[in-house]
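Q: Can you walk me through this structure? I'd like to start with the pocket and then go to the backbone.

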Amino acid sequence: MDEGDGGGAEVRRGGGMSTGEVARRLGVAPTTVRSWDRRYGLGPAAHTGGRHRRWTAADLARLERMCALTATGLPPAEAARLALDETGSATPPREEDSAPVPRSVARSRSRAGTGLRLGDVRQECKGVARAALRLDATALDGLLEDAIGQHGLIAAWTEVIMPTLQAVGRKWESSGERYVEVEHFLSWHVSGALRRHSPPVPTDRPGATTVLACVPAENHTLPLEVLAAALTERNLPIRMFGGSLPVESLVAAVRRTGPAAVCLWAQSRTTASRPLAQHIAAIEWGVRGARRKPVVLTLGPGWAGQTTPGLPHPPGLAEAVAAVESAVRR
């Protein structure tokens with residue numbers, strides 16, 4: 001069992017942080033923290049009684065500097081030397097076979113940084129961002145699973161996952177197309193976490209199905225994936241069609257399934273089409289005298305300024321889930 005399993009109470013009793021707690025804050029595996037201690041001398045500066053080692057705020061700051069330096073591409077041994085030097089630790093790195101990095105080079109590389117502007121968000125965001133920047137698949141999967149398990153799907157998406165995705169997106173947009181691999185890596189692992197969390201799709205119930213699709217030329221499927229997971233979690237049947245569904249195929253899917261709701265995602269204003277949404281909202285099915293039409297939800301920033309009466313535009317995941325539930329009950 002990991003040292004951090006005792007949670008906050010254990011931290012308070014021990015007068016410091018456990019290795020597991022430190023790992024969660026950094027967004028790395030506990031074995032990584034222990035490895036940095038063993039190989040580079042980045043362990044706790046002071047030792048306390050008891051079986052487990054305790055980490056102070058100063059120890060955590062040194063490890064955070066280590067994370068920031070390795071995220072710039074600096075080799076771990078060199079990053080450790082610089083982190084120890086900058087924090088004034090007297091404990092030397094323990095790896096003997098690495099050449100020291102010139103101070104001028106190290107400082108210029110560290111100034112470049114990879115800090116993400118996360119703002120006032122949950123602590124988990126920083127850990128997820130660090131794991132994504134290091135392309136650490138194991139740590140990232142664990143952090144995403146923990147966030148969903150602890151906070152629930154909607155809160156994890158709204159308060160942890162989405163702010164981190166947005167910060168990564170801003171980073172590569174402002175860095176001359178750097179870090180695109182980080183965004184793809186993070187998106188892929190978020191998608192995997194959503195699939196692992198989702199229960200099996202419920203059996204169809206007449207008039208209760210929801211169709212989810214990106215509009216033509218739109219391939220940002222992740223927001224629809226989390227909506228699909230949230231709906232199946234509530235035992236609502238769905239039909240997910242993913243990215244860039246052609247108009248003819250979308251119309252055919254609606255006619256074949258007779259859905260209570262159709263969710264159309266558009267990330268960009270160039271892909272959002274009000275005439276398309278209105279056309280889908282006008283499709284009817286059923287016997288004469290009891291014909292039905294779907295509720296069409298226009299989702300995503302692409303629809304901003306294109307709202308139309310009768311076409312709801314929920315601003316977030318929780319509102320979209322509530323709108324679908326309302327459409328199914330009508």
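Pocket and backbone

Q: What kind of model is this?
A: This is a predicted model.

Q: How much space lies in the largest pocket?
A: The largest pocket holds about 1,000 Å³.

Q: Which residues are the closest to its centre?
A: Trp-157, His-220, Pro-223, Trp-265 and Gln-267, out of 36 residues that line the largest pocket.

Q: Which elements give two or more residues to the lining?
A: Helix H9 (153-173), helix H10 (180-197), H11 and helix H14 (317-329) do. The largest share, nine residues, comes from H9.

Q: And how do the lining residues divide into nonpolar, polar and charged?
A: There are 18 nonpolar, 13 polar and five charged residues in the lining of the largest pocket.

Q: Where does the pocket lie relative to the domains?
A: The largest pocket lies between domain 2 (118-197) and domain 3 (210-329), because both give residues to its lining.

Q: Is Leu-135 buried, partly exposed or exposed?
A: Leu-135 counts as partly exposed, because its relative accessibility is 41%.

Q: What about Asn-235, where is that found?
A: Asn-235 is in the loop between helix H11 (222-233) and strand E2 (238-240). Its phi is positive too, near 65°, and Asn-235 is a residue other than glycine.

Q: Why does Asn-235 count as partly exposed?
A: Because Asn-235 has a relative accessibility of 48%, and partly exposed runs between the buried limit of 20% and the exposed limit of 50%.

Technical notes: Residues numbered from 1 in each chain as written. Predicted model: local features only at pLDDT ≥ 70, side-chain atom pairs only at ≥ 80, totals over all residues. Heavy atoms only, no water. Buried < 20%, exposed > 50% of the residue type's maximum accessible area, 1.4 Å probe, protein only. Helix = DSSP H or I, 4+ residues; strand = E, 2+ residues; numbered from the N terminus. 1 Å grid on protein atoms, 1.4 Å probe; cavity = no way out; pocket = protein on both sides within 12 Å on 5 of 7 lines; lining within 4 Å. Points joined across faces, edges and corners; volume = space filled by probe spheres on them. Nonpolar A, V, L, I, M, F, W, Y, C, P; charged D, E, K, R; others polar. Domains from an automatic or database assignment.
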